[in-house]
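Dear colleague,

I am passing on the structure below, followed by notes on what was found in it. Please read the notes with the model open beside you.

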Amino acid sequence: MKTKLTNWLKSLKKIRIDNPWKWAFLGLIAIILGLGIWGFTKITVPVNTITDTTASKNKKNVSFEVAAEKAEINRLVAHSLNEFIEDDGIKYELVLNDEAELIGTFKLFGHDVQFYLYLLPYVMENGNVQLKATNLSVGELNLPITSVMNLLAKQLKIPEWVQIDSKKQLIVLNLNEYKTDTGMTIKAKKFDLKNDDIRFTISVPLKEIKNKK
């Protein structure tokens with residue numbers, strides 16, 4: 001079993017998940033979003049260890065913790081958003097520095113207005129990610145964050161599992177609403193941008209392992 005599981009994990013490096021950020025934003029998500037390819041090449045410690053044959057029959061998923069750096073997610077998000085946003089759609093990007101930065105344009109009275117929205121990420125108890133707006137730059141215009149986020153919610157093309165709450169000045173990545181075609185699910189575990197420590201828990205149905213035998 002150990003040898004087969006090892007061979008299966010190695011084979012995952014060759015799996016390609018098309019347009020993973022069609023669940024994703026910002027890509028995180030990506031984020032998020034894409035994490036299938038990147039995540040399995042950085043598998044660290046199994047969360048659920050199969051130690052008993054009888055017990056393993058009752059398990060439906062096997063979970064792994066994966067780690068990433070900001071630079072890796074930035075590359076992933078940039079590539080995924082380019083594929084997700086249509087050619088005639090409003091362009092935007094998500095960049096992770098000490099804060100998450102949502103950069104793009106929106107329409108105001110028929111004119112393109114560039115914006116920089118700064119957000120702090122928080123991991124929720126259910127493994128979703130909440131991005132709290134902390135600051136906004138819109139050139140020389142003095143616009144409230146709530147108003148600009150309301151415009152973004154109406155104008156930006158974002159995945160269904162991403163929610164913009166302009167009243168609370170939040171962007172929520174509902175990772176629990178996203179699954180790949182193989183049934184893989186993703187939960188955020190840690191999102192510490194200042195220390196470049198980002199971790200996720202990825203769960204894969206055991207039937208996918210059996211299919212690789």
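Of the 213 residues in the protein chain, 44% are buried, where buried means under 20% relative accessible area, exposed over 50% and partly exposed in between, with a 1.4 Å probe and protein chains only. This is a predicted model, in which local features need pLDDT of at least 70 and side-chain atom pairs count only at pLDDT 80 or more, while totals for chains, interfaces and linings use all residues. Residues are numbered from 1 along each chain as its sequence is written, and side-chain values use heavy atoms, with hydrogens and water left out.

The protein chain has 6 helices and 10 strands, taken as DSSP runs numbered from the N terminus (H or I and at least four residues for helices, E and at least two for strands).

Leaving aside residues up to four places away in sequence, Leu117 is in contact with, among others, Leu102, Ile145, Met149 and Leu152, contact being heavy atoms within 4.5 Å.

Ile145, Met149 and Leu152 are, together with Val148, the buried residues of helix 5. Seen down the axis of helix 5, these buried residues fall within an arc of 100 degrees (the arc of the directions from the helix axis to the C-beta atoms), so they line one face of the helix. They pack against strand 4 (100–108), strand 5 (111–123), strand 6 (129–137), strand 7 and strand 8.

A search of the whole structure finds 3 aromatic pairs, with rings of Phe, Tyr and Trp (its six-membered ring) pairing if their centres lie within 6.5 Å, and planes under 30 degrees apart counted as stacked, over 60 as edge-to-face and the rest as tilted. One of them joins Phe106 and Phe115, a tilted pair at 5.9 Å centre to centre with 40 degrees between the planes; both residues are buried. In another, the rings of Trp161 and Tyr178 have centres 6.4 Å apart and planes at 45 degrees, so this pair is tilted. Trp161 lies in the loop between helix 5 (145–155) and strand 7 (162–165), and Tyr178 in the loop between strand 8 (170–173) and strand 9 (185–192), 17 residues apart. Trp161 and Tyr178 are both buried.

Lys60, by contrast, is exposed, with a relative accessible area of 69%.

Best regards
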